[in-house]
Amino acid sequence: MACCCKVICLGCAYADLLRQLDGKLGMTCPFCRQPRATSEKETDRNYMKRIEAGDPVAMRQMGAKRELDGDYSAAFEYWTKAAKLGDAEAHNQLSIMYQEGKGVEKDEGKDTYHMEKAAIAGHPGARYNLAMQEGRNGCDERSVKHLIIGANLGHDMSIEMLKESYTDGDISKEDYAAALRAYQAAIDATKSPQRGAALDAQSKGLVRWGKSSEL
């Protein structure tokens, strides 16, 4: 996550880190080239600037920070604002809040509403959760359809559940094979030499990546 709230892939972030180290440059944001925040307060100020500009990613990130602090009311407020602007992860987090009753009363209807919104917006985890919900309701055909969509997005748990569905006879051999090909294509599309180098550096303890590609 860049200071300007742009999501940066691991490969790009690592390549920019090497550029800065090789050139003995100051540590800057890999997207906007502004100096990196050096304190939590400065990070929060950067987020608030983006929030005031109507950036849903900044709202979502601030919601996550507030949740970690145990301030569920503030987290709910930020995620609600981000969700209204179409942020898939914000919808997913609201779904979880309503499911678990974390900071709000449990509400199955609102849980499902936000889960569906997140899934429609391309959130693979939410799509998987919908599949599980349909399975619990006895709608195996609908569950399999959700799992296929999740597999097409490269979601590991979706393809694993499809394997079980195939064993149970809930999906044809042809459809399962097609899902496997789509899953592999999605995985291959995320690979690059730069991302491979970043993950290798991480495994050796040379860099530490946060949830959003932070150094």
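Reader: Why is His 114 called buried?

Author: This is a predicted model, and in it His 114 has a relative accessibility of 11%; because buried means under 20% relative accessible area, His 114 counts as buried.

Reader: Where does His 114 lie, and which residues does His 114 touch beyond those up to four places away in sequence?

Author: His 114 lies in helix H6, which covers residues 108–120, and, with residues up to four places away in sequence not counted, His 114 touches His 91, Leu 94, Ser 95 and Tyr 98. Asn 92 is 22 residues from His 114 in sequence, and their C-alpha atoms are 6.2 Å apart in space.

Reader: What makes Arg 66 buried or exposed?

Author: The relative accessible area of Arg 66 is 19%, and since the cut-off for buried is under 20%, Arg 66 is therefore classed as buried.

Reader: Which residues are in contact with Arg 66, leaving aside its neighbours within four places in sequence?

Author: Arg 66 has its place in helix H3, residues 56–68, and the residues in contact with Arg 66, once neighbours within four places in sequence are left aside, are Asp 44, Asp 71, Ala 74, Ala 75 and Tyr 78. For Tyr 78, which is 12 residues from Arg 66 in sequence, the C-alpha to C-alpha separation is 8.8 Å.

Reader: How do you know whether Ala 13 is buried or exposed?

Author: Ala 13, which belongs to helix H1 (residues 10–22), has 2% relative accessibility, and because that value is under the 20% limit, Ala 13 counts as buried. The C-alpha atom of Ala 13 is separated by 9.1 Å from that of Arg 195, although these residues are 182 apart along the chain.

Reader: How many helices and strands does the protein have, and how much of the protein is buried?

Author: The protein has 11 helices and zero strands, and 40% of its 215 residues count as buried. Of the contacts between residues at least 6 apart in sequence, 42% join residues at least 24 apart.

Reader: What is the average pLDDT of the protein, and where is the pLDDT below 50?

Author: The average pLDDT is 89, and 94% of the residues score at least 70. Over residues 211–215, however, the pLDDT is below 50, and in the model this stretch has 16 contacts beyond near neighbours in sequence.

Key. Residues numbered from 1 in each chain as written. Predicted model: local features only at pLDDT ≥ 70, side-chain atom pairs only at ≥ 80, totals over all residues. Heavy atoms only, no water. pLDDT = per-residue confidence, 0-100. Contact = heavy atoms within 4.5 Å. Helix = DSSP H or I, 4+ residues; strand = E, 2+ residues; numbered from the N terminus. Buried < 20%, exposed > 50% of the residue type's maximum accessible area, 1.4 Å probe, protein only.
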